[in-house]
Amino acid sequence: MSNLFSGINARFRGTSTRAPGQNRSPTSPSQPGSPGDGPQAPQPAQAGQAAQGTQGTQGTQTSTSSAPRIPPLPTSPSLSQNIGMDDTNGNALSGEDLLNSYHLPRPLPLWLNAQYAKHIVKGNFMTLSARPRTVEQGEWIAHQIVEHYRNLWNFVRVIHDKDEDGSTICNPSTCSRMSAGANHSFTWLTARREPVELPAYEYINLMQRWISGKIDDVNIFPTDPNGVSFAHNPSITTSSLSQLGGQGDRDWVGKRSGFPDNFVEVCQGIFRQMFRVYAHLYWSHFVDPFYHLNLEKQLNSCFSHFLLTACALDMLKPPELEPMQPLIDLWAANGTFPPGSKAYDYANHRVGEQLLQLSNAS
């Protein structure tokens, strides 16, 4: 995907392929794209305190300022738990009924139209997500985090890049909350572990600093090449190195390469935060700017690769995927997610088929 961001770079050089003011308009009458409502936001926090959350979120803060504080939001069941649900009479619900249970806005967002859910590259992204046999699991997770973080922030630059008048596409006026549509919003945790709302712009900046702080911390992501190890080869021995070293030794992912015992937990938090940014980009900015800049295929390519990787490595679980569940269903139905992948298993295929039918009818 070496040329994946050529269109994005052109925007910063001022050589976009489209003339100023010449924006594309969605052609689908049944599914016009409208950016999601503004989000529910958080405020600056002390770097390093990632917050756990369901519909209310994750973060770290340096000051609570005057941002409104709200109590933790209750955990909601994952949409994927509706897969295969039957009605009260034991009859299987139709794809239309299941789609209605998602409570999506009508008309549906543009990115749920299969015509606009395409990719710039062809092929099976699982070949990019599958860990090589000789690479240790911790090393592979660390590599994936750095790569997906780099990809994501190419898109964030687009919505945070200042125009000539100093304004940005994502700002406190357009996105007053960090949200993914009307049904999902995310909060930031203060130093006192209190959730607060922040504008999406501020939330994303805080989260960027938090993730960068984690990646740059050599105690979490060691950089000493002497510490790199290879994956355990079961053809040589069926016992792990920790078992060979002593019965009392505790093992964890990445231990042999010098990663800390909480490495997986930290990485799950990073993937969770990156997913929330992607969700906000789709719900609030898919049409403006990405569709108008002809970048929707680049966004789709990076996000589908991100989902396949995060699910394959158990960095994201079905309840955390809820804001983007309909797109996961669609990509499973149209073949983007290959059968056997966890992303495919997490999808509601009846909903995906329904979305394909709606796209073909439009």
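User: In this predicted model, which elements do the buried residues of H9 pack against?

Analyst: The buried residues of H9 pack against H7, H8, helix H10 (342-345) and helix H11 (349-361). The residues concerned are Gln325, Pro326, Leu327, Ile328, Asp329, Leu330, Trp331 and Ala332.

User: What makes H9 count as largely enclosed by the rest of the structure?

Analyst: A residue is buried if its relative accessible area is under 20%. Eight of the nine residues of H9 are buried, and H9 is therefore largely enclosed by the rest of the structure. Just after H9, Gly335 takes a positive phi of about 95°.

User: Why is the pair of Phe259 and Phe263 called tilted?

Analyst: Rings pair if their centres lie within 6.5 Å, and planes under 30 degrees apart would be stacked, over 60 edge-to-face. By this rule the count of aromatic pairs is 17. For Phe259 and Phe263 the centres are 4.2 Å apart and the planes stand at 35°, so the pair is tilted.

User: How do you know whether Phe259 is buried or exposed, and what is the state of Phe263?

Analyst: The limit for burial is under 20% relative accessible area. Phe259 has 3% and is therefore buried. Phe263 has 0% and is buried by the rule.

User: Which residues form one aromatic cluster?

Analyst: The cluster is formed by Trp111, Phe271, Phe275, Tyr278, Tyr282, Trp283, Phe286, Phe303, Phe306, Trp331 and Phe337. Trp331 is also one of the buried residues of H9.

User: What makes the charged end of Lys255 count as sitting over the ring of Trp252?

Analyst: The distance limit is 6 Å from NZ of Lys to the ring centre, with an angle within 35 degrees of the ring normal. The charged end of Lys255 is 5.0 Å from the centre of the Trp252 ring and is assigned as sitting over that ring.

User: Why is the contact between Arg250 and Asp261 called a salt bridge?

Analyst: The rule requires a side-chain nitrogen of Lys or Arg within 4 Å of a carboxyl oxygen of Asp or Glu. The closest N and O atoms of Arg250 and Asp261 are 2.9 Å apart, and the two residues form a salt bridge. Both residues lie in the loop between helix H6 (241-245) and helix H7 (263-291), so the pair ties together parts that are eleven residues apart in sequence. Asp261 is partly exposed, at 47% relative accessibility. The structure holds five salt bridges.

User: What makes the salt bridge between Arg272 and Glu320 a tie between parts of the chain?

Analyst: Arg272 and Glu320 form a salt bridge whose closest N and O atoms are 2.8 Å apart. Arg272 lies in helix H7, whereas Glu320 lies in the loop between helix H8 (296-312) and helix H9 (325-333), so the pair ties together parts that are 48 residues apart in sequence.

User: How do you know the burial state of Arg272 and of Glu320?

Analyst: Buried means under 20%, exposed over 50%, and partly exposed in between. Arg272 has a relative accessible area of 9% and is therefore buried. Glu320 has a relative accessible area of 22% and is therefore partly exposed.

User: Why do Lys317 and Asp314 count as a salt bridge?

Analyst: The cut-off is 4 Å between nitrogen and oxygen. The side chains of Lys317 and Asp314 meet at 3.5 Å, N to O, in a salt bridge. Salt bridges that share partners join Asp314, Lys317 and Lys342 into one network. Lys317 is partly exposed at 38%, and Asp314 is partly exposed at 27%.

User: What makes the contact of the Ser257 side chain with the Glu136 side chain a polar one?

Analyst: The side chains of Ser257 and Glu136 are in polar contact at 3.2 Å. Ser257 is placed in the loop between H6 and H7. With a relative accessible area of 5%, Ser257 is buried.

Methods: Residues numbered from 1 in each chain as written. Predicted model: local features only at pLDDT ≥ 70, side-chain atom pairs only at ≥ 80, totals over all residues. Heavy atoms only, no water. Phe/Tyr/Trp six-rings, centres within 6.5 Å; stacked < 30°, edge-to-face > 60°. Buried < 20%, exposed > 50% of the residue type's maximum accessible area, 1.4 Å probe, protein only. Helix = DSSP H or I, 4+ residues; strand = E, 2+ residues; numbered from the N terminus. Polar contact = N/O pair within 3.5 Å; in protein donor to acceptor, adjacent residues only side chain to side chain. Contact = heavy atoms within 4.5 Å.
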